[in-house]
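Please open the structure in your viewer and keep the selection panel at hand. The stops below are meant to be visited in order, each with a selection and a note on what is there.

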Amino acid sequence: MTDRHSDLDALLADLTEPQREAVLHVEGPLLVLAGPGSGKTRVITLRIAHLVLGVGIAPWNVLAITFTNKAAGEMRQRVGQMLSPRQARAMPITTFHSLCARLIREFGDRLGLDPRFSIYDTADQQRAMKQALESLDMSTSNFPPAKVLATISNAKNELLDPETYASVASDFYHRKVAQAYRKYESILRQNNALDFDDLLLMTVQLLRQHADVLEQLQERHQYILIDEYQDTNHAQFVIANTLAGKRQNICATGDPDQSIYRWRGADIRNILDFETHYPDAKVVRLEQNYRSTKNILAAADGLIRHNVRRKHKALWTENEPGDPVTIVVCPTEREEARWVVDQFCQLHDMERIPWSSMAVFYRVNSLSRAIEDELRHRGIPYQIARGTAFYERKEIKDAVAYLRAISNPADEVNLLRIINTPARGISSATIKALQAHAAAHHTTLPQLLDNPQQVTTLNPRAISAVSRFGAQLEAWRKVTERVDVTLRSFLEQVLRESGLESFYAADDNDPDEDRAMNLGELVSSAQQFEDELEFADMSQDESTLGRRLQAFLERISLVSDVDSVDADQGSVTLMTLHAAKGLEFPVVAITGVEEGLLPHDRAVAEAEEVEEERRLCFVGVTRAMQRLYLTCTQRRTVFGQTLPTTPSRFLRELPRETVVTQELDDFVGDVFAGESRFGVAAEQRRRAAEDARMYPPGTRVRHPQFGIGRVLNVSPAGAHTRARIEFGSVGIKTLVLQYARLEVLDRPDLPF
DNA sequence: AGGTTCGAGTTTTTT
DNA sequence: ACTCGAACCT
């Protein structure tokens, strides 16, 4: 212990004055405004170490909340090095969603929730929403499930329940959404399921409605630390604030310039108004950067200065100037990929920079394709940060659906997925008959599986198929009550007895998809999970298979994209700019730095959203330690269509003295003038410009089917130029101008 | 009952 | 270009 103390003292001696202030602060609210690369993680871990070793607070009374599970794991690792691994394991270091899932599991009875609840992912949510819309006779074309779900998600983040939402819904669309919301909620409850937002919402209800639970939790979590505070939403703010209670021992760290999740409900005001929420707050600014070269930091600073709605922060470093930031203009995405990979190869071969020190970022996942192809072609090891992709595979979703249906008997959505996969003679007609019977007799489909004989509309063959499956499910559920069966062997049993294993073993429809192998990977991940569980909690030997299964399913539901990234794998890392938050690499390339991609098309209409895109670019730029490459193309193939592109406005915003530009091939424009000109594109460009002139925003038009509408905007895309038009009758439609047969009624005053 | 073909929508970012 | 769902066929 004394050793640890002197270790701590030595570490504290190394800190700068502001870092030291943040580390040594103990009681009351603390806000750490940390610029990129300012040693924030070090400050947080040292602060935790100081709380435990210096002040004597029990590790289990500290609650640390990170943005991803991966970040939580890394923080636990680092805290474990300073305290002991044992103390680190006793400390809750987790994400908001995992914390909430566990609290609901623990206190669910207070909310009337069965602890076996399923956590619905986006696909499950869509299925549930389609059911809701269908039963309300709402067409999915006027009310796209994804859009309705997004609206509801926003409502939930603002803690609006269906009733409250309905009372504030003013126009037709929102009133219909309110109906869908109510129905969707009742379907989720009937399935004993929660979506991601419910995890937060239900936790708020738990804390607000049950004073004794709140008191117990306030005693448990006396010191709360929240990282990436700029990306918390209102529900998360309420949870943290309520848990902190009167003590207000809340330490928030973050950077408003790195707020990139507004679209997901993140509320930047949480961090901007911290001092209003907590008038006694101590505020510490960390502005010195230890990560990047002077050039990279100056480029980042020059870029972010273009945001108007922002408090300026001085970013500075004592690091070397380094190479200038390199902008590369390539003819197509093929050459772009080739250039980046060539460059990486050179750095690898000439300067012995390991592959694991290099990363490629992009705005949208689809851009990974070209880079991947090139890396694979050259035989360079790479990994893509898409932790969720594995669980989106058909065979994995099937296997997990079995586990969910077994674990949570009320889960009809997952049951329906597997009821006839692989085929076992339960046809869609049979399912319809079961559903109809359930609806008419005040019961549910899952319950009918036990005695389908009562469904008189079914023929004997169907009845026997259904009851056989019902019996099979029951048998599996019996196994989950045992303590002496491992997750791994249970999963193997289910895969075998369900027929899923042989179904996918025989499936060789697409030769490059080894579905059987992926199922094997799921089996080993189950084993790995159980091993970790045993390691983390010695008292687990008593726990039933069912409990361990719940924990495993929870983990699967809450994986994030970066969770799969392993820095020590010796491979180049590919990821979206969003996933790059919180990471750093010596060498970074950002591809597709073009108008329409970064900033994204869907963001350019609103100044606020363009600022978020700029912050996203800022996040990407500030991940780079030594070298930074920004690439764009002159034409890019999207949807199998090759169209001309324009360099991003963000490139022009970089201070010229920090960058050099390389132009490949036939590029004759000027990135800084914001134009790229070349043969093929000129005609399409001219035409698109003309279209935009024909239909300026505000133009009133008549459509043969939809009637009279108003043009919102036109996205130029050559022959496929589309206009978004708001019709009184059917809402907003996106139409291809060439085919839409629009009649212009009147145009607003033209500026030219 | 199960497989096949055709058309539509797709790509913003994710816990 | 690719994937997914719905109508359609055997």
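Begin by selecting Glu228, which lies in the loop between β6 (223-226) and α13 (234-244); helices (H or I, at least four residues) and strands (E, at least two) are DSSP runs, numbered from the N terminus. This is a predicted model, in which local features need pLDDT of at least 70 and side-chain atom pairs count only at pLDDT 80 or more, whereas totals for chains, interfaces and linings use all residues. Residues are numbered from 1 along each chain as its sequence is written, chains are lettered from A and ligands numbered from 1 in the order in which they are written, and side-chain values use heavy atoms, with hydrogens and water left out.

Although Glu228 is not a glycine, it has a positive phi of about 50 degrees, and at 8% relative accessibility Glu228 counts as buried (buried means under 20% relative accessible area, exposed over 50%, and partly exposed in between, with a 1.4 Å probe and protein chains only). Gln248 is not a glycine either, yet has a positive phi of about 55 degrees; with a relative accessible area of 23%, Gln248 is partly exposed.

**A kinked helix**

Now select residues 96-111, helix α6, whose 16 residues have end C-alpha atoms only 19 Å apart, short of the 22 Å that a straight helix would reach at 1.5 Å a residue (the expected span is 1.5 Å times one less than the number of residues). Centre the view on Arg105, where α6 has a kink of about 55 degrees; the bend at a residue is the angle between axes fitted to the seven residues ending there and the seven starting there. Because 12 of the 16 residues of α6 are buried, the helix is largely enclosed by the rest of the structure; among those buried residues are Phe96, Cys100, Arg105 and Leu111. Just after α6, select Gly112, which takes a positive phi of about 75 degrees.

**Cysteines**

A search of the whole structure finds zero disulfides, a disulfide being a pair of cysteine sulfur atoms within 2.5 Å. Cys100 is in no disulfide, and the nearest cysteine sulfur, that of Cys251, is 19 Å away; Cys100 is buried, with a relative accessible area of 0%. Then select Cys632 and Cys330: the sulfur of Cys632 is 7.2 Å from the closest cysteine sulfur, that of Cys330, too far for a bond. Cys632 also counts as buried, at 0% relative accessibility.

**A cis peptide bond**

Select Leu598 and Pro599, which are joined by a cis peptide bond with omega of about 5 degrees. Pro599 lies in the loop between β15 (585-590) and α29 (607-621).

**The surface near the DNA**

For the last stop, select DNA strand B together with the 20 residues that surround it, of which the closest are Arg363, Ser427, Ser560, Asp561 and Arg602; a residue is near a strand if one of its heavy atoms lies within 4 Å of it. The residues of this surface divide into seven nonpolar, nine polar and four charged, where Ala, Val, Leu, Ile, Met, Phe, Trp, Tyr, Cys and Pro count as nonpolar, Asp, Glu, Lys and Arg as charged, and the others, Gly among them, as polar. Of the atoms of DNA strand B within 4 Å of the protein, 56% belong to sugar or phosphate and the rest to bases.
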